[in-house]
Amino acid sequence: MTTHRPLARLAGVLALGLLSTAGPSVAAAHAADPTPGQRTVAALAAAGLDSTIALNNCSASLVRFPTSQDSDRAMMLTNGHCYEGGFLSAGQVLTNKSSTRSGTLLDASGSSRGTVKADQVMYATMTGTDVTLYRLTDTFAAIRTRTGANALTVSDQHPVDKTAMTIPSSYWKTTYSCSINGFVPQLREGEWTWKDSIRYNFPGCQTIHGTSGSPIVDNATLKVIGINNTGNDDGAMCTENNPCEVNADGTTTVQKGQSYGQQTYWFTTCLSSTRAIDLTVPGCLLTGASGGTTPPPTGSNLLTNPGFESGQTGWTGTSGAITSSTSRPAHSGTWKLWLGGNGSTSTENESQTVSIPATASAPKLSYWIRTDTAETGSTAYDTMKVQVVSGTTTSTLATYSNVGTSSTYAQKTFDLSAYKGKSITLKFLMNEDSSLQTSFVVDDTAVTAG
Ligand SMILES: [Ca+2]
Ligand SMILES: [Ca+2]
């Protein structure tokens, strides 16, 4: 994550030292600009820096949920790596922890509207996403009365590729504008891994150290659709300040200067009736969700997470194969199982074990599938099998290949009567040869008792 990166990341003693020596990215960005905080203000879009909050080491913003009420305590959003207690370890989640953090609330031109204070970290993590959400001491209504500021609303929708966006950095009093350039299933930096990261178009939003924690604002709706957190400084691979993209087959790629943001709509999937963060809410996507990421089967569907919207939850197999990548469409929602697509020798699989009730009248398996390939001819070079493993017996229900692909989703249904009263493992198994990709994309699976 960038403090953009070191700035925050080394919160405390080293922070300012690193800022001044933060390296070529900062120097280059401001080399021709003796007063960076001044020049850009004139060019700000209408919303500008309004409702952003400057912290001592990072950027932040005054935010509300779509369902927040004026009488609720106001909230401040920044990165997990901007937390005042230092970096959080991989897997670490903080909730309801007392805080005395304060920041300077800005108006559109970057002038102070006053100070806001937090009394609690509602939620913080550097795993999956990179966020710290603070509860402020004032309500939304009180802040509006005192400062005139209205909070930015955190969108409850997954951001859409190519959306025109702005990153207002309160720390630098500057804004970056560009558009979303796709999503990264897995982004890795040092010990941290983030999911479904937002990639910015390049160049355009080459955010620098100190922009960490800035909201990503949709230019059309002015809602917060993500949070800026990192960028690749030196072109190094997966090290601190040098995040790498991890592909479905586990290979890593980097582009020097490429910056990224993380998801914030996840917050809206984990709200209690009083708009507090509740990690036990079914369908909660935030890291640390307890059971929340294991939504109960839908209707009579016996599978867990049958539409893949909760990522790997319920499924075992190749990391990254379940993806929200926009390079292939989901049948519904955003996530799907995308096997293959590598164009190199690879084997991928996903499986889930399910018990078919002895009382099932007509148990069935169904799923939607679409395929595409760069292969030609009638030889099956790349294949994907749908299998049922029962005890020591593996049965193949269907085999797809690069021959006869169709990029239109079609639903397939299979009889599972032979497995009444048994625990079976449903398995999708893909083998690709050394060249020319074939993609097998599966979504909306179901096992029903009938
Ligand atoms: Ca889906
Ligand atoms: Ca091939």
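This is a predicted model: local features need pLDDT of at least 70, side-chain atom pairs count only at pLDDT 80 or more; totals for chains, interfaces and linings use all residues.
## Met-75 and the cores

Residues are numbered from 1 along each chain as its sequence is written, with chains lettered from A and ligands numbered from 1 in the order in which they are written.

Met-75 also turns up in the largest nonpolar core, which has 62 residues; Ile-53, Leu-62, Met-75 and Met-76 touch the most other members. Strand S6 (residues 112–125) gives the most to this core, with six residues. A second, separate core has 20 residues, including Phe-308, Trp-338, Leu-339 and Met-384. (A nonpolar core is a set of buried Ala, Val, Leu, Ile, Met, Phe, Trp, Tyr and Cys residues joined through C-beta atoms within 7 Å; buried means 20 or more other C-beta atoms within 10 Å of a residue's own, exposed means 12 or fewer, and partly exposed is in between, with C-beta atoms placed from the backbone.) In soluble globular proteins, nonpolar side chains tend to be buried together.

## The five-stranded sheet

Now for the open sheet: its five strands come in the order S18-S19-S26-S21-S24, with antiparallel pairing. Strands are DSSP runs of E, at least two residues long, numbered from the N terminus, and two of them pair if DSSP finds at least two bridges between them. At the edges sit S18 (322–323) and S24 (410–415), each pairing on one side only.

Strand S26 (residues 438–448) is largely enclosed by the rest of the structure, because ten of its eleven residues are buried. Four bridges tie S26 to the antiparallel strand S19 (residues 336–340), and Trp-338 has Val-441 as its bridge partner in S26. S21 (residues 364–373) pairs with S24 in the antiparallel sense over six bridges, where Ile-369 stands opposite Ala-410.

## An exposed loop residue

Ser-89 sits in the loop between strand S3 (73–78) and strand S4 (93–98). Ser-89 counts as exposed because it has 11 C-beta neighbours inside 10 Å. The C-alpha atoms of Ser-89 and Glu-191 are 7.7 Å apart, although these residues are 102 residues apart along the chain.
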